[in-house]
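Trainee: I would like to learn how to read sheets, helix packing and a chain interface from a model. Could we go through one example?

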Amino acid sequence: MRAFTAILGRDLRLSLRSGVDSAQPLIFFVIALTLFPLGVGPSPEILQRIGVGVIWVLALLAVMLSLDRLFQADAEDGTLEQLALADLPLELIVLAKCLAHWLLSGLILVIASPLLALLLHQSTETAGVLAFALLLGTPVLTLIGSVGAALLIGARRGGVLIALLVLPLYIPILIFGVSAVEAEVMGLGGSAQLLILGAILLAALALAPFAAAAALRLSIE
Amino acid sequence: MFEAHNLACVRGGRSVFSGISFSLEPGDVLSLQGPNGSGKSTLIRVLAGFLTPVLGEIRWDDIDIRSSLPEHRARLHYVGHLDGIKSLLSVKENLAFTCALNGAANGALDRALEVFDLEGLIDTPGRFLSSGQRRRLSLARLVAGERPIWLLDEPGVGLDAASRQRLEQAIVEHRQAGGITVVATHGDVAVKQAAVLELSG
């Protein structure tokens, strides 16, 4: 447990000290979002219709763009070897690093999302459901992404490759995330979709650390 | 007892070494020697369990490490070419992180700072350290958490004479406490009564 909190604390501290690095997902999210009213026109009907989808797609991209710093720095400076020798199984180390990553990417997007939803002319009710769906969905983005990030350690041009590897796996999250909000807004009740999101989260929590840890062990060779 | 039996390793289709055998009792030091590219670093990584040998086996107390890899990794310290120092963390924070990872007892941090003369640098961020200071910080990990096996890959690189002596003294204390040390060196770190394994490449 001590090692777990040490890794979590260290990753948070490193991100916060690197300044703008830690705000990168949020900055990307906000700036890209403000482009949409400029691109498709400011009419409320259009923005209302596309708003939820736009926020979800941008959340996927924002999390994905920040994945490269999950393991890459540790692999380059040799910290990964030290982590492999720690008293803690590599699977739990992955989990600690994912938690730190999510707190500074996914969770921040969840907190910012209601405000940005209002910016896209969504109702307050929609904004609430959207934030809840993001709360269930963004940890999965980090967890699935950790497998891709671990596999691509040392790959040059990792950014493009990680999109190829990870974005297709994000599709279920996008589909259920958007349809949960839309069903809720139309009065159909989105609880089925939210339950599926929750189930995906549990499955990712159980499986992704093992896959990522296996990839990390290969990268140490 | 730490034993290797008939180890062979292939990297990139090329045989790096073969037929390596040794047996180390508590308190023993094995010095790996040989020219550049003779496989010293690779052997050390094999002993750490990072690489799997194509042939042969490594045993600790008669148990093959492949069947107990997590336990094996938790009983060794490895200091390699990459120092694992975070430039944004201070010396003390870097070392405290290692202590937490190793499950080190209280006081290990202060002792590690003392053994490698880092007390004056505790608040210095990693990015302001000289290469010798970085090397001392990565060596200080050895003392931050007691583990029976030390695997050192050219630990003397970049160290001044006084620091080398500190390292040699640390190795002596480690072997007096019953620890095993395997050190790859070009002769800059002198350890008395060390077994020598010559790798020819």
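Trainee: In which order do the five strands of the open sheet in chain B lie, and is the pairing parallel or antiparallel?

Mentor: Strands of a sheet pair through backbone hydrogen bonds, either parallel or antiparallel. In this predicted model, the five strands of the open sheet in chain B follow the order 6-7-8-3-9, and their pairing is parallel.

Trainee: Which are the edge strands of that sheet?

Mentor: They are strand 6 (76-79) and strand 9 (195-198) of chain B, each of which pairs on one side only. From one strand to the next, the twist averages 15°.

Trainee: How many bridges join strand 7 of chain B to strand 8 of chain B?

Mentor: Five bridges join strand 7 (residues 149-153) to strand 8 (residues 180-184) of chain B, and the two run parallel. As a position to look at, Leu152(B) stands opposite Val183(B) in strand 8 of chain B.

Trainee: Which strands of this sheet does helix 1 of chain B lie across?

Mentor: Helix 1 of chain B lies across strand 3 (29-33), strand 7 and strand 8 of chain B, and runs at about 150° to strand 8.

Trainee: What is the order of the open sheet of four strands in chain B?

Mentor: That sheet has the order 2-1-4-5, with antiparallel pairing. Strand 2 (14-24) and strand 5 (63-64) of chain B stand at its edges with a single partner strand each, so one side of each has no neighbour in the sheet. Helix 1 (residues 40-47) of chain B packs on this sheet as well, touching strand 1, strand 2 and strand 4 (55-60) of chain B. The direction of helix 1 makes about 120° with that of strand 1 of chain B.

Trainee: How many bridges hold each pair of strands there?

Mentor: Take the pairs in sheet order. Seven bridges join strand 1 (residues 2-11) of chain B to strand 2 of chain B, with Arg11(B) opposite Arg14(B) in strand 2. Strand 1 and strand 4 of chain B are joined by five bridges, and His5(B) has Glu57(B) in strand 4 as its bridge partner. Strand 4 and strand 5 of chain B are joined by two bridges, and Trp60(B) stands opposite Ile63(B) in strand 5.

Trainee: Which residue takes a positive phi in the hairpin of strand 4 and strand 5 of chain B?

Mentor: Asp61(B) does, with a phi near 50°; the hairpin has two residues between the strands.

Trainee: Now a helix pair. At what angle do helix 2 and helix 7 of chain A cross?

Mentor: The axes of helix 2 (residues 20-40) and helix 7 (residues 106-119) of chain A cross at roughly 20° and come within 10 Å. Angles under 35 degrees count as roughly parallel, and helix 2 and helix 7 of chain A are therefore roughly parallel to each other. Their crossing is right-handed.

Trainee: Which residues meet between helix 2 and helix 7 of chain A?

Mentor: From helix 2 of chain A come Pro25(A), Leu26(A), Phe29(A), Val30(A) and Leu33(A), which meet Ile108(A), Leu109(A), Ala112(A) and Leu116(A) in helix 7 of chain A. By class, the residues of this contact are nine nonpolar, no polar and no charged.

Trainee: How many residues of chain A are in contact with chain B?

Mentor: 19 residues of chain A are in contact with 20 residues of chain B. On the chain A side, the elements that give two or more residues are helix 1 (2-17) and helix 5 (79-84) of chain A. Helix 1 of chain A gives the most, with six residues. The classes on that side are eight nonpolar, four polar and seven charged residues.

Technical notes
Residues are numbered from 1 along each chain as its sequence is written. Chains are lettered from A and ligands numbered from 1 in the order in which they are written. This is a predicted model: local features need pLDDT of at least 70, side-chain atom pairs count only at pLDDT 80 or more; totals for chains, interfaces and linings use all residues. Two strands pair if DSSP finds at least two bridges between them. Two residues are in contact if their C-beta atoms, placed from the backbone, lie within 7 Å. Axes are lines fitted to C-alpha atoms, for helices over the stretch in contact, and angles run from 0 to 180 degrees between N-to-C directions. Ala, Val, Leu, Ile, Met, Phe, Trp, Tyr, Cys and Pro count as nonpolar, Asp, Glu, Lys and Arg as charged, and the others, Gly among them, as polar. Angles under 35 degrees count as roughly parallel, over 145 as roughly antiparallel, 65 to 115 as roughly perpendicular and the rest as oblique. A crossing is left-handed if the near helix is turned anticlockwise from the far one by less than a right angle, and right-handed if clockwise.
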